[in-house]
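Have the structure open as you read.

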Amino acid sequence: MRKLAFLLRPKWLVLAAVVLAFAFLCFSVLAPWQLGKNTSTSERNDLITRSVDADPVPISDVLTANGFPAEDEWRRVIAPGSYVADSDVLVRLRSIRDQPAYEVITPFVIDGGPTVLVNRGYVLPVEGTRAPEFEAAPAGEVTLNARVRQAEGTSREPVEDDGRLQVYNINPEQIGAAVGVDAINGYLQLDDAQPGGLGLIELPQTDAGPYLSYGLQWLAFGIMAPLGLAYFARAEIRERRNSRAELADAMSGEPDTEPEDEAGPDEEEEFTLPTRREKRARARAASRETTPSDPRLADRYGKNR
């Protein structure tokens, strides 16, 4: 276990915490976020594809007490009724073919039924961002061919600009309260060449988008991060082991420096007592032999192993 003791040092603990936190975010937040968008996009594309080939049905076939069911979104319906006069609302911050636009919402009373919001289409701003004048909805009984849409959430309160009520989302509860009608949940989006129609809002593209590949990439990153940490820890252990082995080989391979006897066979070496300087030199030499130090043993973090 002493070989792994360096993993308890602050820098390694911080690194491990960052890696584990990143892996947790990949598996619990980032990958589910992209995979969820892929699922919702696929479901929307299926609904659009089915609606293109399906014949329109009376609005009463899809209308419930709570509005329009989610599984009927984009379905084509036929709605007889009449527009509510002088109740137009503009939706801000919309984009049509990469151009800023306003969408026009007008309440519509279904014959023998409730009031529903109708997205009549778009108009382009004039003189910068100022809302343009547009044709009012026709009075009297009309029959609309439209597509069912789900309500949007709310982000900001309605504002009044250039004498027109403007909102940021198509939310029937918010818009209904602003214009004084009780609108059902959901709204209708007009098809081409309909009474009161303005610029046609085309159907979204039905490509799957990059969400699935992004989700798989986040899963891969969540797996690779801990594996990378394990790789660097193993490399550190291997480097320490190699340094110790090289030091041990260097110490064991030192040649014996015992001086040869240069005196002749018949000559007897004269014995003399060592001087004080020679004693200190021998003591320093013995100290170096018993406590070897090698710069390779210095820890890369600034401490000896």
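Predicted model: local features only at pLDDT ≥ 70, side-chain atom pairs only at ≥ 80, totals over all residues.

## Around Gly-121

Gly-121 touches Tyr-102, Glu-103, Val-104, Leu-198, Gly-199 and Ile-201, leaving aside residues up to four places away in sequence; a contact here means heavy atoms within 4.5 Å. Tyr-102 sits 19 residues from Gly-121 along the chain, and their C-alpha atoms are 8.5 Å apart. Gly-121 itself belongs to strand E5 (residues 115–123).

Numbering starts from 1 along each chain as its sequence is written, and side-chain values use heavy atoms, with hydrogens and water left out.

## The largest pocket

Glu-103 and Ile-201 turn up again here: along with Ser-95, Ile-96 and Glu-202, they lie nearest the centre of the largest pocket, which has 18 lining residues. Its volume is about 330 Å³. (A pocket is an open set of points on a 1 Å grid over the protein atoms alone, where a 1.4 Å probe fits, with protein on both sides within 12 Å along at least five of seven lines; lining residues have an atom within 4 Å of a point. The volume is the space filled by probe spheres set on the points, which are joined across faces, edges and corners.)

Strand E3 gives the most to the lining, with 3 residues. By class, the lining has 8 nonpolar, 4 polar and 6 charged residues (Ala, Val, Leu, Ile, Met, Phe, Trp, Tyr, Cys and Pro are nonpolar; Asp, Glu, Lys and Arg are charged; the others, Gly among them, are polar).

Helix H2 (residues 172–179) has Pro-172, Gln-174, Ile-175 and Gly-176 buried. Their cover includes E3, E4, E5, E8 and E9. After H2 comes Gly-180, with a positive phi near 80 degrees.

Helix H1 covers residues 10–53, and its 44 residues reach 64 Å from first C-alpha to last.

## The whole protein

Overall there are 4 helices and 9 strands (DSSP runs numbered from the N terminus: H or I of at least four residues for helices, E of at least two for strands). Of the 305 residues, 31% are buried. Among contacts between residues at least 6 apart in sequence, 68% join residues at least 24 apart.

Methods: Expected span 1.5 Å × (residues − 1). Buried < 20%, exposed > 50% of the residue type's maximum accessible area, 1.4 Å probe, protein only.
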